[in-house]
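Please examine the sequence and the structure shown here before reading on.

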Amino acid sequence: MEEISWNDFMKVELRVGRVLQAEVFAEARKPAYKLLLDFGPELGQRKSSAQITAHYQPEELVGRLVVAVVNFPKKQIGPLMSECLVTGFHDAAGAVALCVPDKAVPLGTRLL
């Protein structure tokens, strides 16, 4: 494993957002959802595609807090322009479980 410096880590903007909308991303090559997330007044709303269909249904995602990288360049994924990367961990079967705060924190809060 390569070591990084604190300055390297601080380059990655990991922020808390709330899922406002979640729907099946029918045009995606792999099963995914289209998400609209709110990161608070500083960052606003952003769209993302997330391959989290194994553990979550769209209706149970709405209102949840998630952790996302907000300073990657935008990426075109089919008809969707992804504006952030929602983070998660692969379980033993390879499905993604979301990385989430375990307490309520303000939208846009940075992970440190």
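## The nonpolar core

The largest nonpolar core has 17 residues, of which V19, L35, L37, I52, L61, V86 and L98 touch the most other members. A nonpolar core is a set of buried Ala, Val, Leu, Ile, Met, Phe, Trp, Tyr and Cys residues joined through side-chain atoms within 4.5 Å. Two or more residues of this core come from each of β1 (14–24), β2 (33–38), β4 (65–69) and β9 (96–98). The largest share, three residues, is given by β2. Strands (E, at least two residues) and helices (H or I, at least four) are DSSP runs, numbered from the N terminus.

The model is predicted: local features need pLDDT of at least 70 and side-chain atom pairs count only at pLDDT 80 or more, while totals for chains, interfaces and linings use all residues. Residues are numbered from 1 along each chain as its sequence is written, and side-chain values use heavy atoms, with hydrogens and water left out.

Which residues does L35 contact, leaving aside its neighbours within four places in sequence? They are V19, Q21, A22, R46, K47, S48, A50, L61 and V86. Contact here means heavy atoms within 4.5 Å.

L65 is located in strand β4. This residue is buried, with a relative accessible area of 14%; the classes are buried (under 20% relative accessible area), exposed (over 50%) and partly exposed (in between), using a 1.4 Å probe and protein chains only. The C-alpha atoms of L65 and R18 are separated by 4.5 Å, although the two are 47 residues apart along the chain. Not counting residues up to four places away in sequence, L65 touches V16, G17, R18, V100, P101, K103, A104, V105 and L107.

## A buried arginine without a salt bridge

R46 belongs to strand β3 (residues 45–50). R46 is buried yet has no salt bridge, and E83, the nearest side chain of opposite charge, is 6.0 Å away. For charges, Lys and Arg count as positive and Asp and Glu as negative, whereas His and the chain ends are not counted. A salt bridge is a side-chain nitrogen of Lys or Arg within 4 Å of a carboxyl oxygen of Asp or Glu.

What lies 2.7 Å from a polar atom of the R46 side chain? It is the backbone oxygen of V70. Leaving aside neighbours within four places in sequence, R46 is in contact with L35, L36, L37, F39, V70, E83 and C84.

## Salt bridges

The structure holds six salt bridges. In one of them, K11 pairs with D8, and the closest N and O atoms are 3.8 Å apart. K11 is exposed, with a relative accessible area of 58%, while D8 is partly exposed at 33%.

K34 takes part in two of the listed pairs, one with E23 and one with E27. The closest N and O atoms are 3.8 Å apart in the salt bridge of E23 with K34. E23 lies in strand β1 and K34 in strand β2, so this pair ties together parts that are 11 residues apart in sequence. In the salt bridge of K34 with E27, the corresponding distance is 3.9 Å. The residues are partly exposed: E23 at 42% relative accessibility, K34 at 22% and E27 at 48%.

## A charged network around R15

E13, R15, E42 and R110 are linked in a network of salt bridges. The side chain of R15 makes a polar contact with the side chain of E13 (2.7 Å). A polar contact is a pair of N or O atoms within 3.5 Å; within protein, one must be able to donate a hydrogen and the other to accept it, and residues adjacent in sequence count only if both atoms are side-chain atoms.

Not counting residues up to four places away in sequence, R15 touches F39, E42, L43, V66, V67, A68, V70, G108, T109 and R110.

## The cysteines

How many disulfides does the structure hold? It holds zero. A disulfide is a pair of cysteine sulfur atoms within 2.5 Å. The closest cysteine sulfur to that of C84 is in C99, and the two are 13 Å apart, which is too far for a bond. C84 counts as buried at 5% relative accessibility, and C99 is also buried, with a relative accessible area of 17%.
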